[in-house]
Amino acid sequence: MGKIIAVSNQKGGVGKTTTAINLAAGLGYLGNKVLLVDFDPQGNATQGVGASVNGNKLSIYNLLMEQYRAEDVIMRLSTPPIDIVPSSINLAGADLQMIKFEVGKEELLKRKLDPIKHLYDFIIIDCPPSLGLLNTNALTAADSVMIPVQCEYYALEGVTQLLLTIRLVQQLFNRSLVIEGVVLTMFDARTKLSVEVQQEVRTHFKDKVYRSYIPRNIKLSEAPSRGMSIFEYDVRCEGAKAYAGLANEVVKNNRRR
Ligand SMILES: Nc1ncnc2c1ncn2[C@@H]1O[C@H](COP(=O)(O)OP(=O)(O)O)[C@@H](O)[C@H]1O
Ligand SMILES: [Mg+2]
């Protein structure tokens, strides 16, 4: 049975999409069947793997808001070896449209992913940078949350709010939701701040923090403009090694379960 992991942090620019793409790709290259769900109207994950939706192709919006099934919107990629549900900008309006629904508006995504869960080892959801209904849908559909924390000042401040949201979703919609892990992103070993933030995050989240941390690496920011994961763009760079390490840890942790 597949495991659904939501990559979430309401703060923008902390490395959610970079992590979602390269974790999904890394898991795919390790031989897992992986689905990446781009759940951000910005569509950065979709563009980042070169799967942009043009013309009348279906996207996450159609899946979420209309009578389509996941099979109708899934695209198969070969590099990286994953499937993707692409996003498009009209998802931005879904948040408001959903508010009108009487019941079940938090479970729209769950209802669409549950029927295909058994087809995958991992389903990775790239969440939008907000704590609105889209994020609630992702957390309700998910088995666990992966939290990317950028190694910068105030890193933990946003996380506090995310933890409250997680607790609320646990109480209201998804009792079995757990924290998959915390991944440190954009780590710069030359700065004292990065080292301090790392220590603070490890003190706070203990063994929930992955041993693999993601360094600041220019290649990680270049790869998406070529529609490549880091493993096609430059498999030898530090960023690729770090995300390969993260994917290995995720596999190992889930074997142990
Ligand atoms: N480890 C990293 N090293 C260098 N640049 C990075 C790294 N992680 C992310 N970036 C860049 O930082 C920006 C924000 O990252 P992104 O993954 O899009 O964050 P989010 O999805 O949380 O908004 C992007 O331009 C991305 O390419
Ligand atoms: Mg993003």
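Strand E6 and strand E7 (residues 178–185) run parallel and are joined by seven bridges. Two strands count as paired if DSSP finds at least two bridges between them. Helices (H or I, at least four residues) and strands (E, at least two) are DSSP runs, numbered from the N terminus. This is a predicted model, in which local features need pLDDT of at least 70 and side-chain atom pairs count only at pLDDT 80 or more, while totals for chains, interfaces and linings use all residues. Residues are numbered from 1 along each chain as its sequence is written, and side-chain values use heavy atoms, with hydrogens and water left out.

**Strand E6 and its neighbours**

- Ile 5 has Ser 144 of E6 as its bridge partner.
- A right-handed β-α-β unit is made by E6, helix H8 (residues 155–172) and E7. Right-handed means that, with the strands pointing away from the viewer, the path from the first strand over the helix to the second runs clockwise.

**Burial of E6**

- Buried means under 20% relative accessible area, exposed means over 50%, and partly exposed lies in between (1.4 Å probe, protein chains only).
- Seven of the seven residues of E6 (residues 144–150) are buried, so the strand is largely enclosed by the rest of the structure.
- Both faces are covered: one side has the buried residues Ser 144, Met 146, Pro 148 and Gln 150, and the other has Val 145, Ile 147 and Val 149, also buried.

**Salt bridges**

- Side chains of opposite charge can pair when their charged atoms come close.
- The whole structure holds 11 salt bridges, each being a side-chain nitrogen of Lys or Arg within 4 Å of a carboxyl oxygen of Asp or Glu.
- One of them joins Lys 11 to Glu 152, with the closest N and O atoms 2.7 Å apart. Lys 11 is in the loop between E1 and helix H1 (16–29) and Glu 152 is in the loop between E6 and H8, so the pair ties together parts that are 141 residues apart in sequence.
- Lys 11 is partly exposed at 28% relative accessible area, and Glu 152 is partly exposed at 23%.
- Arg 69 and Glu 71 form a salt bridge of 3.6 Å, N to O. Arg 69 is partly exposed at 48%, as is Glu 71 at 46%.
- Asp 188 and Arg 190 meet at 3.1 Å, N to O. Asp 188 is buried at 15%, whereas Arg 190 is exposed at 77%.
- Lys 33, Arg 76 and Asp 83 are linked in a network of salt bridges.

Note on methods. Chains lettered and ligands numbered in written order.
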